[in-house]
Amino acid sequence: MKLQKLFLMSLGSLLLLGGVGYWYVFVEGAPQFDPPAINEAGTGMTFQLQDFQSLAMGQTRQYGLVLPPDYDKNPQKRYPVIFFLHGGHDDGRAWVDKYGLIPVLHQLHQSGKLPPSTIITPDGNDLRGSSPL
């Protein structure tokens, strides 16, 4: 009887840990305990979320937009456009909030390795209820 009780307690513990792990990774998106600093100050870059109506999906979708320094001062200037695609179950803010994109872009601009560019981070989550596994 004790062995059966120990087995059931162990199984219950594993199911609880598995449920909490699933929630943390796939529902909450594995938020970081020490997220990178966003720190737009001093870079001249701005990040904003924009909405658009997707006719194909029949719903409003979001995307992140990082504009280069002095974008507003040069309305006629053309900038290269770079799309950053995230992994499954992230959103348009993931590259900025989780992965610290702004400081990296600033460093690349300052070193001359990347020209001033428009960066788009689309929300590629399909919201169809597909399994994250």
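Mentor: What follows is a conversation about the terms used for this model, which is predicted.

Trainee: What is the overall order of the elements in the protein?

Mentor: The protein has three helices and four strands, and from the N terminus on they run α-β-β-β-α-α-β. Of its 133 residues, 23% are buried.

Trainee: Why is the pair of Tyr71 and Tyr79 called tilted?

Mentor: Two rings count as a pair if their centres lie within 6.5 Å, and the structure holds four aromatic pairs. The centres of Tyr71 and Tyr79 are 5.5 Å apart and their planes stand at 35 degrees; stacked would need planes under 30 degrees apart and edge-to-face over 60, so the name that remains is tilted.

Trainee: What makes the pair of Phe84 and Trp95 edge-to-face?

Mentor: Their ring centres are 5.0 Å apart and their planes lie at 70 degrees, which is over the limit of 60, so the pair is edge-to-face. Phe84 lies in the loop between β3 (81-83) and α2 (94-97) while Trp95 is in helix α2, so the pair ties together parts that are 11 residues apart in sequence.

Trainee: How do you know that the buried residues of helix α3 are on the same side of α3?

Mentor: The buried residues of α3, which spans residues 101-111, are Leu101, Ile102, Leu105 and His109. They cover an arc of only 95 degrees around the axis, which puts them on the same side of α3.

Trainee: Which elements do the buried residues of α3 pack against?

Mentor: They pack against β1 (46-54), β2 (59-67), α2 and β4 (118-122).

Trainee: What makes Asp70 and Lys73 a salt bridge?

Mentor: The test asks for a side-chain nitrogen of Lys or Arg within 4 Å of a carboxyl oxygen of Asp or Glu. The closest N and O atoms of Asp70 and Lys73 are 3.7 Å apart, so they meet this limit. Asp97 and Arg93 form a salt bridge too, with their closest N and O atoms 2.8 Å apart, and a search of the whole structure finds two salt bridges.

Trainee: Why is Lys73 called exposed, but Asp70 partly exposed?

Mentor: Lys73 has 65% relative accessibility, which is over 50%, so Lys73 counts as exposed.

Trainee: Which residues make the nonpolar surface patch?

Mentor: Phe7, Leu8, Leu11 and Leu15 make a patch of about 430 Å². Phe7 is found in helix α1 (residues 2-27), and its 53% relative accessibility is over 50%, so Phe7 counts as exposed.

Technical notes:
Residues are numbered from 1 along each chain as its sequence is written. This is a predicted model: local features need pLDDT of at least 70, side-chain atom pairs count only at pLDDT 80 or more; totals for chains, interfaces and linings use all residues. Side-chain values use heavy atoms; hydrogens and water are left out. Rings of Phe, Tyr and Trp (its six-membered ring) pair if their centres lie within 6.5 Å; planes under 30 degrees apart count as stacked, over 60 as edge-to-face and the rest as tilted. Helices (H or I, at least four residues) and strands (E, at least two) are DSSP runs, numbered from the N terminus. Buried means under 20% relative accessible area, exposed over 50%, partly exposed in between (1.4 Å probe, protein chains only). The arc is that of the directions from the helix axis to the C-beta atoms. Contact means heavy atoms within 4.5 Å. Patches are made of residues with over 30% relative accessible area and no salt bridge: like charges are joined within 9 Å, nonpolar side chains (Val, Leu, Ile, Met, Phe, Trp, Tyr) within 5 Å. Accessible areas come from the Shrake-Rupley method with a 1.4 Å probe; for residues, only the protein chains shown count as cover.
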